[in-house]
Amino acid sequence: MNLIFEKSRTGRGCSILPKSDVPMYSLDDKITRKTELHLPQVAEVDISRHYTQLIKRTHGLNNGFYPLGSCTMKYNPKVNEEIASLPAFKKIHPLQPAHSVQGCMEVIANAEKYLCEISGMDSMTFQPAAGAHGELTGILIIKAYHEARGDFKRTKIIVPDAAHGTNPASATMGNFTTVSVPSNAEGCVDIEKLRELVGDDTAGLMLTNPNTVGIFDKNILEITKIIHDAGGLNYYDGANLNAVMGVVRPGDMGFDVVHMNLHKTFSTPHGGGGPGSGPVGCKKFLASFMPVYHVVERDGSYDFDMPAQTIGSVKAFYGNFLVVVKALTYILNIGAEGILEASQNAVLNANYMRALLSKTYDIAFDGICMHEFVISLEGLKKKTGVSALDVAKMLLDRGIHPPTMYFPLIVHEALMFEPTETESKETLDEAVDLLLSIYEAAQNNEEQFHQAPLHTPVRRLDEVGAARNLVLRYQF
Ligand SMILES: Cc1ncc(COP(=O)(O)O)c(C=O)c1O
């Protein structure tokens with residue numbers, strides 16, 4: 001398929017502008033372009049067909065089941081998009097004075113109130129644009145806290161090996177040394193190892209909970225106490241909050257800082273590179289370190305406040321505001337009961353699939369899971385030569401987006417499923433039947449599996465070639 005640039009022909013376009021009725025003004029030669037700007041010149045009909053073709057070549061949530069583990073590809077109600085598209089939200093400018101955007105500031109203040117209530121935190125910033133960005137922000141807050149007390153020896157962040165990959169990366173970006181604590185046979189943090197690792201150089205712990213094998217750590221209160229007793233702070237990666245919201249709160253489990261992924265749990269699509277939001281919440285004693293600016297209510301109107309010991313700005317202005325609008329719409333729409341029900345359904349759906357598949361497939365750390373579970377195809381690969389990648393490609397041919405492959409790293413030949421709360425029993429049954437029939441077919445059709453997918457717009461890609469010979473720019 002040609003790129004839109006390749007479809008471009010000089011002089012074509014979509015807009016017919018009226019004749020100018022203001023005097024011509026020429027910019028200084030010094031600041032004008034010397035070469036032509038490469039913008040595609042394409043008629044509206046060709047643009048429309050181009051994007052329709054692209055849509056047909058992708059598997060989106062509207063095409064079918066999309067159980068991408070850890071990424072929460074759930075269906076997001078259209079009403080949230082509609083509200084976020086209202087001109088009063090969409091057409092404001094971040095440099096408008098506070099008195100002219102009181103309604104928008106009220107949205108941020110209310111989103112903060114509800115998300116603090118859901119997470120058990122006291123203060124929240126909406127500046128971070130993604131989960132990993134929130135993690136870095138939280139880590140910088142933890143660093144600022146220790147340094148403000150003159151405690152510079154705390155240079156280590158402890159990260160369980162079942163944490164999301166961004167956790168150690170964020171700690172490293174915050175200039176900490178990461179220390180990995182292993183999981184035990186149940187997929188939880190090895191408590192004895194944790195005790196050995198903590199000390200007066202521990203700045204804190206970053207815990208993904210439920211973790212990347214879909215397990216809620218049953219020793220969570222003990223874990224946070226061990227860190228606090230050593231003088232460290234506890235960071236909760238709450239990107240998987242759709243498994244626990246309305247049931248338990250990180251703030252009640254001993255966590256001091258938490259981030260959430262609004263673009264997973266609170267109704268903005270995850271993935272696709274669209275705008276996200278990874279708000280960070282913290283307990284009162286850390287609020288003065290939060291990024292600028294914090295929306296506060298004073299004498300019946302809203303204003304911006306500068307936290308006294310702020311770590312500064314982590315993104316321009318107020319973060320991705322429209323994502324916050326969608327999150328607030330979602331929360332108000334489904335209410336406290338809906339929040340709880342969403343978590344319960346996310347967990348129920350994952351366990352329903354897990355239980356039906358566990359008779360055939362090897363489930364890593366089998367037992368009641370939270371919102372996701374991990375299958376290991378190590379045994380199948382040894383027996384038949386069919387790998388997790390082959391099964392994933394075969395699923396594409398059958399109309400299901402494959403789950404996350406080869407993650408988490410602690411499970412070999414991993415396929416990580418997150419069915420999400422928005423899928424019906426019928427969809428789950430269909431997916432389970434398909435997975436069972438694929439397992440059966442794998443027993444004596446190795447070659448056919450290596451060839452898959454056969455029916456997708458592009459066949460199996462040369463992943464090694466793509467990684468070794470990166471082509472990131474289109475050459476005009
Ligand atoms: C548990 C967990 N933590 C952190 C992240 C990082 O979030 P983001 O991709 O928005 O940076 C993700 C991503 O899905 C995640 O699943």
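Two strands pair if DSSP finds at least two bridges between them. Helices (H or I, at least four residues) and strands (E, at least two) are DSSP runs, numbered from the N terminus. Residues are numbered from 1 along each chain as its sequence is written. The model is predicted: local features need pLDDT of at least 70, side-chain atom pairs count only at pLDDT 80 or more, and totals for chains, interfaces and linings use all residues.

**Stop 1: β2, α6 and β3**

Select residues 156–160 and 177–181. These are strands β2 and β3, which pair in the parallel sense over five bridges. Isoleucine 158 has valine 179 of β3 as its bridge partner. From β2 the chain passes through helix α6 (residues 166–173) to β3, and this β-α-β crossover is right-handed (with the strands pointing away from the viewer, the path from the first strand over the helix to the second runs clockwise).

Now select α6. Its buried residues are Thr166, Asn167, Pro168, Ser170 and Ala171. A residue is buried if 20 or more other C-beta atoms lie within 10 Å of its own, exposed if 12 or fewer, and partly exposed in between, with C-beta atoms placed from the backbone. The buried residues of α6 pack against α5, β2, β3, β4 and β5; contact here requires C-beta atoms, placed from the backbone, within 7 Å. Asparagine 175, which follows α6, has a positive phi near 70°.

**Stop 2: threonine 155**

Go to threonine 155, in the loop between α5 (131–148) and β2. Is threonine 155 buried, exposed or partly exposed? Threonine 155 counts as partly exposed, because 13 other C-beta atoms lie within 10 Å. Beyond its neighbours within four places in sequence, threonine 155 contacts Phe176, Thr177, Asp201 and Ala203.

**Stop 3: helix α8**

Select residues 220–229. In this helix, α8, the buried residues are Ile220, Ile223, Thr224, Ile226 and Ile227. They lie on the same side of α8 because they cover an arc of only 155° around the axis, the arc being that of the directions from the helix axis to the C-beta atoms. An α-helix has 3.6 residues a turn, so residues three or four places apart point the same way. The face turned away from the buried side of α8 carries the exposed residues Leu221 and Asp229. Which elements do the buried residues of α8 pack against? They pack against α7 (191–197), β4 (202–208) and β5 (233–238). Glycine 231 follows α8 and has a positive phi, near 90°.

**Stop 4: the ligand**

Select the ligand and the 15 residues that surround it, of which the closest are Ala130, Gly131, Ala132, His164 and Ala239. A residue is near a molecule if its C-beta atom, placed from the backbone, lies within 6 Å of it. The shell divides into four nonpolar, nine polar and two charged residues. Here Ala, Val, Leu, Ile, Met, Phe, Trp, Tyr, Cys and Pro count as nonpolar, Asp, Glu, Lys and Arg as charged, and the others, Gly among them, as polar.

**Stop 5: histidine 263**

Histidine 263 is in the loop between β6 (257–260) and β7 (280–282). It counts as buried because it has 28 C-beta neighbours inside 10 Å. Not counting residues up to four places away in sequence, histidine 263 touches Thr268, Pro269, His270, Gly276, Ser277 and Val323.

**Stop 6: β10, β11 and β13**

Finish with strands β10 (residues 362–363) and β11 (residues 373–376), which pair in the antiparallel sense over two bridges. Four bridges join β11 to β13 (residues 414–417), also antiparallel.

Definitions and conventions. Two residues are in contact if their C-beta atoms, placed from the backbone, lie within 7 Å.
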